[in-house]
Amino acid sequence: MTLHIQMDSEDETSKDREKQKRIEASLREREEEVQRTLSTHLRERDKEREQHKHDEAVQHFNALLADLVETLMRSWREAKKALRKDHRWEMVESLDREEREKLFNEHIEALNKKKKEKFRELLEETTEITLTSSWKEVKKLIKEDPRYTKFSSSDRKCEREFKDYLKDKLNTGRTDFRELLKETKIITYKSKKMIEESEQHLIDIETVLQKDKRYLILDSISDERRKLLMAYIEDLDRRGPPPPPTASEPSRRSNK
């Protein structure tokens, strides 16, 4: 009996030791988890702090660019010399060289875009400009406006932009005119035959179209405008009458 009591006591002691080990292991695991969570939190906080410092540096650098870099003729090397003389340069030294140059290029691109928009705004406001105007004629009209002088000191660059403007305006004009033709109810698949029988129908069509600025804007290229009109009429003639309404359409109308 004494042996049994001794064995039972040893079993209890062994169980207690195992239980204590499990408790200690659980405590270590929880402590390690707390340390991992704390470490992650600290890393995230440090990351946020670094991001905030970086964002502030970017803001300061963009402010420097806005204040000191106003001409499009400057290279990054030239601009850097002027920027370094400003006391705010110390606040942006945390940005690496590549990022500073990238921000400079973005600033120059934004300046270019803004000046181009202003130049095109000037061209749009100059009512004497038509789709066939020459740069020589237009330059005389706009040369005193600061939006012209600020755009570029290069006459060739100004002329190139003017030609691009006319090209865009012509493409838009053609597209808008085609939309106008689609909206004009007097033009139908019967129009070609009616014009062949009497030119009065064509006169009637153009009388209607003349009330819309999408027609008038093509006045300077009236021959091409007429070709676009006739091509549209011939296309309608080839297609023939529109398909009859579907069975559901009359029922919808009768229910209204």
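## The crossing of H3 and H6

In this predicted model, helix H3 passes helix H6 in a right-handed crossing, a term used when the near helix is turned clockwise from the far one by less than a right angle. The axes of H3 (residues 97-125) and H6 (residues 155-183) come within 11 Å and cross at roughly 65°, where axes are lines fitted to C-alpha atoms over the stretch in contact and angles run from 0 to 180 degrees between N-to-C directions. Helices here are DSSP runs (H or I, at least four residues), numbered from the N terminus.

The contact (heavy atoms within 4.5 Å) involves residues of H3 including Asn112, Phe119 and Leu123, and residues of H6 including Cys158, Phe162 and Tyr165. Its residues divide into five nonpolar, one polar and eight charged, with Asp, Glu, Lys and Arg counted as charged.

## Confidence and conventions

The chain averages a pLDDT of 87, on a confidence scale from 0 to 100, but over residues 251-256 pLDDT stays under 50. Where pLDDT is low, the predicted coordinates should not be read in detail.

Residues are numbered from 1 along each chain as its sequence is written, and side-chain values use heavy atoms, leaving out hydrogens and water. Local features need pLDDT of at least 70 and side-chain atom pairs count only at pLDDT 80 or more, whereas totals for chains, interfaces and linings use all residues.

Methods:
pLDDT = per-residue confidence, 0-100. Helix = DSSP H or I, 4+ residues; strand = E, 2+ residues; numbered from the N terminus.
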